[in-house]
Amino acid sequence: DDPDGHKATTSQVVEQVRRLSLTGRDGVGPDSIESRISVGPEPGRVGVSCRASGHYELEDSVGARKTLSTEVVTWFNQRNSETLEGSRAFVPWVLQQSYFESGLDDGKVVMHRGSGAVVFSDASGFTALTERLAKKSNGAELLSQCLTAFFTPLIGLINAYRGDVIKFSGDALTIYFPAVDDTQAPRSRMQVPPHGSFGMPDLGPMATAVLRASACCIEIHKRLHMFDTGVDGVRLCLHIGVGCGQVTILQVGGAVPPETHVPRFEYIIAGPPLEQISIAEPLAKNGETCLSPQAWEFVKDCVIEDTSRGLATEGFHLLLRMDETKYTFPTIKYFAMERDRRHESQFRLSELNVIRRYIPSAVFKQIEGGTLTYVNEMRNISTIFIGGSGVDVSSDAGAVVAQDLMSNIQRICYAHEGTLNKFVIDDKGMLFLLVFGLPPLVHTDDPTRAVLASFEMVKVFEKFQLIGRFGITTGRAYCGVCGSAQRMEYTVLGDPVNLSARLMSNAPANGIYIDEATKALSTRELVCDELQPIKVKGKEQPIAIFQPRRKESASHIGVESTGGIKFPWYDRPLSMSQQVSMTEETMAESMKMNVQQLCSLQDWVGISTAQQWLGGSFSSELHRRPREVLKAGAAAPAAAPSDSPFSSGGAVVIEGATGIGKIELAEHMVLHSATHFGMLPVFGTVGPRTSDLERLGVELLRSTISIFRHLDPSVPADDLKALQQLAPPHFAQALPDVGAAFGGSTDEEHRQTVLYTMVDIVVSLLETLRKETPIMIVLQLEYGTNLFSKTLERFNPFWGVVAALTKVAMHDCREGGDRPVVLTMLVKEADKSHATVKKAVQKGWFVSLTEFNETLCHEYAALYMGVQKEMVPSPVQSFVSKVSLGNPLYIRETIDQLVANGHIQILRDAAGSIEALQCLENLEQINIAGWAQTAMVGTTVCLLESLDPLEAAVLKMSTCFIGAFTLPDLAASSCSRWAGATHFDYLRLYRAIQNLVRR
């Protein structure tokens, strides 16, 4: 009903609900709020404001206003208040206070300067606990329960003593007890000092802070020492270090992750107390607390020292108990609680969008849905520990450096679709914890991404003249929430995480060490040099370590001196399982065979269209004999059809999903046109990494120079020297940058500029070449396993290169006597608005490759197995067709897995000839989720991991319905916290369905 009691139409209800935040994240509060929402093709800007009359009004993008009923406002506020309550636990008290005192603007780095006690509490036993539970099917749930049971009383005690948990470092806590003058508090009883002991003099803010920290540590040991986890006899113990002094808390970062529009910030604590606790904490054994000399000086007359053993470092003291003739921890705690006013400065509903900046987007979405426990899981991740030194971040100048460094680390991490989980300060400097493989940023090649990102980060440290050490490991770890309802963080725990920290400590300055698992799962983009095994803490046997480096790119692309053709994609095969298991020679032969088999399918739209352009029919003999182009000056044995791009020149677009056959088709077209028309190839590929954009220009230049060298053997063998000879004089000043690109040392900020410079040189050289020889340019854009549009936008310069090369290809050679130039683009999804693509569509030179139908799938599967189609059992045909969805790459992977795992067997006679193909078991019972190393399953799993929680829930429920289902079906099967507003809940579900269909 509307406010007047009239029934609204469905469209009116949907329109009103559309103007509210679809996820409930923009709370209706006393302040005017604006948010971007997208419900359909165009986003709208919606404002909710409180009028002087006290009514809330909704204003749409055209200025129309509508009053919201009190019931609507109250209902949404209740739901958003639940989100606020869960989110507030992810930020410390001091951050909330700083917001109300001086604001938390994006450009503000130092958000708090003060003094107080700092405590570092480290728990022993969590590694053993994680290792035991990692082997259990419900290990994540059990570990989460153990963490909650342990941290809930621990954090409760810390809060009671006015402590503030600043950071979780795995299972360790960094706690700040601020020095505050409680004598000025409104509720202060002047006859009783802040420490709570009647008749004792006031100690002052700093001494009171240290006293509270000491009393807190004593009670923690009393309550939680030898905490029984209930798992295989594992018990948890704490050893604690206490320091005090001036403290600086920084807010750094601000980059936007690829999966959200909200910038991410990290807060860190720095100052002399951090150095003190780094010495004190290791001196304490389990169940002990060690105080720094500075902290001891404030409480030496208030506590009793533990003198049962001496300490190796002079001036540090072990804490035994309070001097109960003066102070007791119950009275200290009671008066700390009584005078605690922090709740007066905690975030409200109007600050919900501020809180989001400090919470991973995936975690925040689960908080919104009331499903936070869903984030707790055991999963395989690649972890990077980075240790940075060379700057004091507590100083003003150091804070600026920390911000710049953090921004660069974030930018690189997000470009590779990773997660920056932690940034902390210790006595050795800065510590960064980055994780690759956390939802929604999950990829089959996460180990490679971690290493490639580290290469770029090393350059950042060198640029700032700092020292960075990198340790990278891959393995199964707990990924989830650690803490209690009062204070928690999303973290990663486990042996692989600990090992990455150990490797970091052993790594040389600006060096990278990786473990054996990371090396084994890396793609061919890396070369890993084995080093001497090292002994690390927590491991009985020495650990194998490796030092990674980039595999050098091919020095020659295109026409080789032997007359053969070097294709660039042979260095970057699509199948992850093949990359790991095959040698380069075997891989090359396999890729050549793929071309023969795919292109021999006469009913495949790809080869039938290509042969219309090329003329004649496909001959596999072309791909069996040695690949050689026509010698310079030799007459072409054939001519292309008159209406073909190979006759007049022009642009050809081949579009299709990864593995659908674009590369194989292009390889055939290149070989056919080279051997029949004397058309020489120029190659340029980009992706799947965003960090090698300039490779596109390098390959274009190298392959263009190889044509000059083929036509004129006197051209220097060194590409840069050849370029100095061939390039027009006005490019002379740009050649040093080109040389840097050849060596792979182009700066991040100059990549795009250098790319376009190289393309300009290529265009100039091609204008010269086309007078002597026909040319086929092949441009490939490969997205790889990248998931999010924000990452894919980094490849947009590809279309700028297309536009530049179109000037050469669109020139009709029949008008000026030049030879034809064919520009062929291989893309997953063509930019239909691009002029070149439009021209290709208009000319009929655009082909969109789709999945094979069932007949073609059966034929290709038989070809791949090397058997007659009739020999393939019907269950095998049906299974391969259903599982692969007709994608040629997936067909090959499915067959490889069936053979490797013994599900099917090829029987041969004594002469080695195939007699039969035998199906050994019911294929429907195969758990294909175990094929995660394949592109087929791995990519699908990663896509599922990238879904928003609501989308994932809708997708899971849709598999349970037989036949069509409705929005009420979905709503009835989910226990949504938004179910109280039926139309709103339906709209959320419908939007999720739209996104799923689109993806």
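**Figure 1. Overall fold of the chain.** Contacts between residues 24 or more positions apart make up 72% of those with a separation of 6 or more, where a contact means heavy atoms within 4.5 Å. The model is predicted: local features need pLDDT of at least 70, side-chain atom pairs count only at pLDDT 80 or more, and totals for chains, interfaces and linings use all residues. Numbering starts from 1 along each chain as its sequence is written, and side-chain values use heavy atoms, with hydrogens and water left out. The chain holds 36 helices and 30 strands. These are DSSP runs numbered from the N terminus (helices: H or I, at least four residues; strands: E, at least two). Along the principal axes, the C-alpha atoms fill a box of roughly 110 × 75 × 70 Å.

Figure 2. Of the 999 residues, 57% count as buried. Buried means under 20% relative accessible area, exposed over 50%, and partly exposed in between (1.4 Å probe, protein chains only). The accessible surface is about 41,400 Å², with 51% of it belonging to carbon and sulfur atoms. Areas come from the Shrake-Rupley method with a 1.4 Å probe; for residues, only the protein chains shown count as cover. There are 93 positive and 112 negative side chains, and the centres of the two sets lie 1 Å apart. Lys and Arg count as positive, Asp and Glu as negative; His and the chain ends are not counted. Each charge is placed at NZ of Lys, CZ of Arg, CG of Asp or CD of Glu.

**Figure 3. Strand S21 and its partners.** Strand S21 spans residues 545–550 and pairs with strand S19 (residues 511–515) in the antiparallel sense over two bridges. Pairing requires at least two DSSP bridges between the strands. Isoleucine 514 has phenylalanine 546 of S21 as its bridge partner. Strand S20 (residues 526–530) also pairs with S21 in the antiparallel sense, over five bridges. Here valine 527 stands opposite arginine 549 of S21.

**Figure 4. Threonine 448 in helix H13.** Helix H13 covers residues 446–463 and includes threonine 448. Threonine 448 counts as buried because its relative accessibility is 0%. Beyond four places away in sequence, threonine 448 touches Leu521, Ser522, Thr523, Glu525, Leu526 and Arg689.

**Figure 5. Two cis peptide bonds.** Proline 439 and proline 440 are joined by a cis peptide bond with omega about 5°. Proline 440 sits in the loop between strand S16 (429–436) and H13. A cis bond also runs from glycine 687 to proline 688, with omega near 5°. Proline 688 belongs to the loop between strand S25 (680–686) and helix H22 (695–711).

**Figure 6. Positive phi at two loop residues.** Most residues other than glycine have a negative phi. Aspartate 232 has a positive phi near 50°. Aspartate 232 lies in the loop between strand S8 (227–228) and strand S9 (235–253), and counts as exposed at 53% relative accessibility. Glutamate 417 has a positive phi of about 55°. Its loop runs between helix H12 (396–415) and strand S15 (419–426). Glutamate 417 is buried, with a relative accessible area of 0%.
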